[in-house]
Amino acid sequence: MGKALVLLSGGLDSRLALIIMKELLGKSNVEAVYFILPFEEYSNRKEDVIGFSKEQKVKLHIINCVEGTLLKEYMDIIRNPQFGRGAGLNPCIDCHIFMLQKAKKLARKIKADIIVTGEVVGERPMSQREDILYLIEKQAKLQGKILRPLSAKLLPPTEAENKGLIDRNKLESIRGRQRKRQMELAEKFRISYPNPAGGCSLCYPDFCKKVTPVLKSRKNITAFDIALFTMGRHFENGNIILGKNEKENEALEYTAKKHRKGIIITPDQPGPSALIKSKKYEREAKELIRRHSKHTITGFQLISHRLSKGPY
Ligand code: SF4
């Protein structure tokens with residue numbers, strides 16, 4: 001009997017892949033891994049994935065790529081992808097290779113001999129073309145070892161099928177973007193699932209406008225920078241961030257407190273707050289606040305959340 005490690009993103013396809021593997025191998029022979037990636041769009045995804053794994057009684061491993069060396073490695077990929085980008089800064093092919101390489105290590109550790117993904121041939125133009133699936137496998141040094149239960153019958157048999165660990169007849173032959181068969185399966189297995197996601201924030205040109213100058217001007221991107229990309233108007237290569245409304249002012253304050261970094265400047269009249277990453281941006285931030293407020297501002301309050309001088 002084989003053991004499988006399923007890459008679980010939380011979307012319908014990977015949920016189905018996990019259930020199919022459970023049906024084939026039994027729940028005690030299936031574990032899942034979820035990657036927290038820096039530019040995920042959907043904020044409750046982690047909780048959803050944890051909930052789903054509990055419901056399915058499958059052990060879940062979480063790999064956090066928003067801190068430490070994994071963040072650095074991932075940011076290097078975004079800066080210099082080997083296999084190009086999609087519509088924005090999204091290096092989808094390299095991103096898949098990255099995740100599979102990490103999954104390979106984990107599979108070795110938990111003694112899983114099959115790595116499983118919910119990929120569907122032709123579903124995504126950049127990373128799920130048949131030739132790209134082979135390229136990704138080759139680059140991750142996992143040729144013949146990745147089982148894609150939803151499209152397996154369209155692809156050459158994997159090692160697991162050749163060894164008789166998996167009954168190929170029980171696998172699917174889904175191709176393309178239509179999700180009709182996936183919905184039938186979701187109904188059959190009685191599972192709920194989130195709306196299909198369009199990728200991560202890196203796919204959106206407006207978001208990339210905030211990220212690009214920071215990538216160009218800074219060598220080390222931290223979890224703090226990542227959190228700030230999702231809020232406010234950015235100036236000076238992302239070193240000054242202005243809240244666009246009350247909610248964003250609060251979000252800036254919250255982020256500074258949480259990461260113990262940055263300085264918050266608040267005006268004495270209604271208007272945007274600013275988060276600055278260094279004291280040297282104080283004058284300019286105050287000017288920007290004045291320019292973006294409808295009221296006459298006469299004073300400011302500064303709150304430093306920095307624990308130490310740190311990188312800023
Ligand atoms: S959309 Fe983003 S998270 Fe998804 S594969 Fe592409 S780069 Fe990775």
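1. **Basis.** Residues are numbered from 1 along each chain as its sequence is written, and side-chain values use heavy atoms, without hydrogens or water. Because the model is predicted, local features need pLDDT of at least 70 and side-chain atom pairs count only at pLDDT 80 or more, while totals for chains, interfaces and linings use all residues.

2. **Domains.** The domain assignment of the protein chain gives domain 1 (4-189) and domain 2 (204-304). Such bounds come from an automatic or database domain assignment. The two centres, taken over C-alpha atoms, are 36 Å apart.

3. An open sheet of 5 strands has the order 3-2-1-4-5. Its pairing is parallel. Strands (E, at least two residues) and helices (H or I, at least four) are DSSP runs, numbered from the N terminus. Two strands pair if DSSP finds at least two bridges between them. Strand 3 (59-64) and strand 5 (146-147) stand at the edges with a single partner strand each, so one side of each has no neighbour in the sheet.

4. **Strands 4 and 5.** Ile 115 has Ile 146 of strand 5 as its bridge partner. Helix 1 (residues 12-25) packs on this sheet. Helix 1 touches strand 1 (4-7), strand 2 (30-36), strand 4 and strand 5; contact means heavy atoms within 4.5 Å. The direction of helix 1 makes about 165° with that of strand 1. Axes are lines fitted to C-alpha atoms, for helices over the stretch in contact, and angles run from 0 to 180 degrees between N-to-C directions.

5. **Helix 4.** Helix 4 (residues 92-110) lies across strand 1, strand 2, strand 3, strand 4 and strand 5. Helix 4 runs at about 150° to strand 1.

6. Another open sheet of 5 strands has the order 6-7-9-8-10, with antiparallel pairing. Strand 6 (233-235) and strand 10 (300-304) are at the edges, each with a single partner strand, so one side of each is left without a neighbour in the sheet. Neighbouring strands are turned by 20° against each other on average, direction ignored.

7. **Strands 7 and 9.** Strand 7 (residues 240-242) and strand 9 (residues 274-276) run antiparallel, joined by 3 bridges. Ile 240 has Ile 276 of strand 9 as its bridge partner. Helix 11 (residues 282-292) packs on the sheet, at about 20° to the direction of strand 7.

8. **Interface.** In domain 1, 11 residues are in contact with 14 residues of domain 2. The domains bury about 1,000 Å² between them, 72% of it on carbon and sulfur atoms. Buried area is the accessible area (1.4 Å probe) that two parts lose on being put together, summed over both. Phe 39, Arg 79 and Leu 89 lose the most area on the domain 1 side, together 50% of what that side buries.

9. **Salt bridges.** A salt bridge is a side-chain nitrogen of Lys or Arg within 4 Å of a carboxyl oxygen of Asp or Glu. The whole structure has 19 salt bridges, but the rule finds 0 across the interface of domain 1 and domain 2. Glu 31 lies in strand 2 and Lys 3 in the segment before strand 1, so the pair ties together parts that are 28 residues apart in sequence.
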